[in-house]
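Here are my comments on the model you sent. Please keep the structure open while reading the numbered points.

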Amino acid sequence: MKGLIQRVSEANVAVGGRQIASIGNGLLLLLGVERDDASAEAMELCRKILSYRVFPDDQGRMNVNVQDSGGALLIVPQFTLAADTSSGTRPGFSLAASPDVANRLYEEFIAQAKSLLGAERVQTGEFGADMKVGLVNDGPVTFLLETGHSKRDSVSLT
């Protein structure tokens with residue numbers, strides 16, 4: 001499972017010309033679910049994202065997580081994060097989870113985030129929709145966090 005987080009001063013999602021979600025200070029998360037992902041990866045990635053220290057402390061160092069910063073979380077499903085871009089000039093999607101599995105894990109991730117952060121601080125995009133995402137990246141600060149086989153594939157075993 002992959003999560004691209006961006007520290008934002010604001011972010012929003014629109015579907016069909018209608019805004020469906022928005023946040024002020026916090027994290028925009030683009031969430032990609034891969035073929036071999038399961039509930040364990042969703043829970044691990046959620047815990048990691050909520051505890052990842054990307055907000056400044058009193059000395060200006062990235063030392064505060066979204067939970068402690070009081071920020072919000074906007075979770076947007078992002079099918080293309082699961083793309084295989086290792087060859088050619090067109091992405092392949094054989095590594096992506098099937099839509100039913102991806103949606104189930106997306107919903108589990110949302111439930112876990114609401115449980116840990118508070119439902120009032122979590123907003124979401126719409127699974128399977130053509131979304132327009134707007135954001136003001138604060139910094140800019142952007143990180144790609146991975147769990148499961150994504151993480152293992154990027155580690156050399158020599």
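1. Gln59 counts as exposed, because its relative accessibility is 56% and the cut-off for exposed is over 50%. The model is a predicted one, and this value, like the others below, is computed from it. Gln59 belongs to the loop that lies between E4 and strand E5 (62-65). Val13 lies 46 residues from Gln59 in sequence, and their C-alpha atoms are 33 Å apart in space.

2. Ala119 sits in another loop, the one between H3 and strand E7 (122-124). Is Ala119 buried or partly exposed? Its relative accessible area is 45%, so Ala119 is partly exposed.

3. Val15 is part of strand E1 (residues 2-15). Its relative accessibility is 18%, and Val15 therefore counts as buried, since the limit for buried is under 20%. Leaving aside residues up to four places away in sequence, Val15 touches Ile20, Glu126, Ala129, Asp130 and Met131. Val15 and Val133 are 118 residues apart along the chain, yet 9.1 Å separates their C-alpha atoms.

4. In soluble globular proteins, nonpolar side chains tend to be buried together. Here the largest nonpolar core has 27 residues. Which of its residues touch the most other members? They are Leu29, Leu31, Ile49, Leu73, Ile75 and Phe109. At least two residues of this core come from each of strand E3 (26-32), H1, strand E4 (53-56), strand E6 (72-77), H3 and strand E8 (131-146). The element that gives the most is H3, with seven residues.

5. Phe109 deserves a look in the viewer. With residues up to four places away in sequence not counted, Phe109 touches Leu29, Leu31, Ala42, Met43, Leu45, Cys46, Ile49 and Ile75. There is also a second, separate core, made of 14 residues, and Leu4, Val15, Ala21 and Leu81 are among them.

6. Next, the helix pair. Helix H1 (residues 39-51) packs with helix H3 (residues 99-117) at an angle of about 40°, and the two axes are 9 Å apart. The crossing of the two helices, H1 and H3, is right-handed.

7. On the H1 side, the residues in this contact are Ser39, Ala42, Met43, Leu45, Cys46, Ile49 and Leu50. They meet Arg104, Leu105, Glu108, Phe109, Gln112, Ala113, Leu116 and Leu117 of H3. Sorted by class, the contact between H1 and H3 holds eleven nonpolar residues, two polar ones and two charged ones.

8. A last point concerns the backbone. Pro140 is located in strand E8. Is the peptide bond from Gly139 to Pro140 cis or trans? This bond is cis, and its omega is near -5°.

Methods:
Residues are numbered from 1 along each chain as its sequence is written. This is a predicted model: local features need pLDDT of at least 70, side-chain atom pairs count only at pLDDT 80 or more; totals for chains, interfaces and linings use all residues. Side-chain values use heavy atoms; hydrogens and water are left out. Axes are lines fitted to C-alpha atoms, for helices over the stretch in contact, and angles run from 0 to 180 degrees between N-to-C directions. Helices (H or I, at least four residues) and strands (E, at least two) are DSSP runs, numbered from the N terminus. A crossing is left-handed if the near helix is turned anticlockwise from the far one by less than a right angle, and right-handed if clockwise. Contact means heavy atoms within 4.5 Å. Ala, Val, Leu, Ile, Met, Phe, Trp, Tyr, Cys and Pro count as nonpolar, Asp, Glu, Lys and Arg as charged, and the others, Gly among them, as polar. A nonpolar core is a set of buried Ala, Val, Leu, Ile, Met, Phe, Trp, Tyr and Cys residues joined through side-chain atoms within 4.5 Å. Buried means under 20% relative accessible area, exposed over 50%, partly exposed in between (1.4 Å probe, protein chains only).
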